[in-house]
Amino acid sequence: MLNSKSTNTPITSNQSTNIQIHESAHIDNNVKIGENTKIWHFSHILSNTTIGKNCSFGQNCVVGPKVKVGDGVKVQNNVSIYEGVEVEDDVFLGPSMVFTNVINPRAFIQRKDEFKKTLLKKGCSIGANATIVCGVTIGEYALIGSGAVVNKDVRPYALMVGVPAKQIGWVGISGNTLKFSENLVAEDEFATYELIDDNLKVTRK
């Protein structure tokens with residue numbers, strides 16, 4: 001739990017005694033925050049944003065406006081989640097990873113009506129300094145390597161690296177790279193995985 005001893009500054013609460021928000025963070029009006037969520041130093045949650053329970057936001061994060069974040073999401077330092085981005089449950093966003101929301105921005109042209117939806121599905125992980133170009137969907141439990149640039153949809157459980165990002169393998173729910181037997185079967189503590197015509201069949205344990 002966050003406390004004044006570990007941070008050397010007081011922690012204030014918002015909406016519930018189980019929500020912990022650092023005194024340097026700013027929460028706008030019409031924001032919903034779930035139980036047991038923690039928001040650290042110098043972060044800003046903009047209006048009409050919904051954040052689920054058991055989430056954690058590091059230092060210098062910006063979320064919203066009109067963003068939906070699911071339960072159990074971990075957001076590391078220096079991440080901005082812009083309008084147009086939706087984050088499902090149990091997603092990990094690494095330090096300084098980047099979202100965009102307009103394909104062709106110009107400082108002198110307002111394109112707020114052209115924001116493209118970006119969807120991060122349940123359990124996926126985005127590595128440090130990766131860039132997610134707007135308009136893509138990252139599949140369930142996919143893993144985006146550090147520094148990758150994603151400019152197209154990512155399949156569930158895909159391991160993606162490079163610029164632009166390309167799939168180099170598969171990962172399990174555990175986040176570990178899957179190593180397949182001669183029968184094209186792999187497993188971890190969560191599921192069994194079978195490769196069929198370059199598609200992954202997942203059977204939960």
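A salt bridge is a side-chain nitrogen of Lys or Arg within 4 Å of a carboxyl oxygen of Asp or Glu. The model is predicted, so local features need pLDDT of at least 70, side-chain atom pairs count only at pLDDT 80 or more, and totals for chains, interfaces and linings use all residues. Residues are numbered from 1 along each chain as its sequence is written, and side-chain values use heavy atoms, with hydrogens and water left out.

**View 1. Glu140, Lys121 and Glu88 belong to one salt-bridge network.** Glu140 forms a salt bridge with Lys121, with 4.0 Å between the closest N and O atoms. Glu140 lies in the loop between β19 (137–138) and β20 (143–144), and Lys121 in the loop between β16 and β17, so this pair ties together parts that are 19 residues apart in sequence. Strands here are DSSP runs (E, at least two residues), numbered from the N terminus. Lys121 also forms a salt bridge with Glu88, where the closest N and O atoms are 3.6 Å apart. Glu88 sits in the loop between β13 and β14 (92–93), so its pairing with Lys121 ties together parts 33 residues apart in sequence. (Buried means under 20% relative accessible area, exposed over 50%, partly exposed in between, with a 1.4 Å probe and protein chains only.)

**View 2. Glu86 meets Lys117 in a salt bridge.** The N to O distance is 3.4 Å. Glu86 lies in strand β13 (residues 85–87). Lys117 lies in the loop between β15 (98–99) and β16 (118–120). The pair therefore ties together parts that are 31 residues apart in sequence. Glu86 is partly exposed, at 22%, while Lys117 is exposed, at 52%. The whole structure holds seven salt bridges.

**View 3. His22 and Gln20 sit in strand β2.** The strand covers residues 16–22. Is His22 buried or exposed? His22 is buried, with a relative accessible area of 3%. Its side chain makes a polar contact with the side chain of Ser24, at 2.7 Å. (A polar contact is a pair of N or O atoms within 3.5 Å; within protein, one must be able to donate a hydrogen and the other to accept it, and residues adjacent in sequence count only if both atoms are side-chain atoms.) Gln20 is buried as well, at 6%. Gln20 and Ile39 are 19 residues apart in sequence, yet 6.3 Å apart in space, C-alpha to C-alpha.

Notes. Helices (H or I, at least four residues) and strands (E, at least two) are DSSP runs, numbered from the N terminus.
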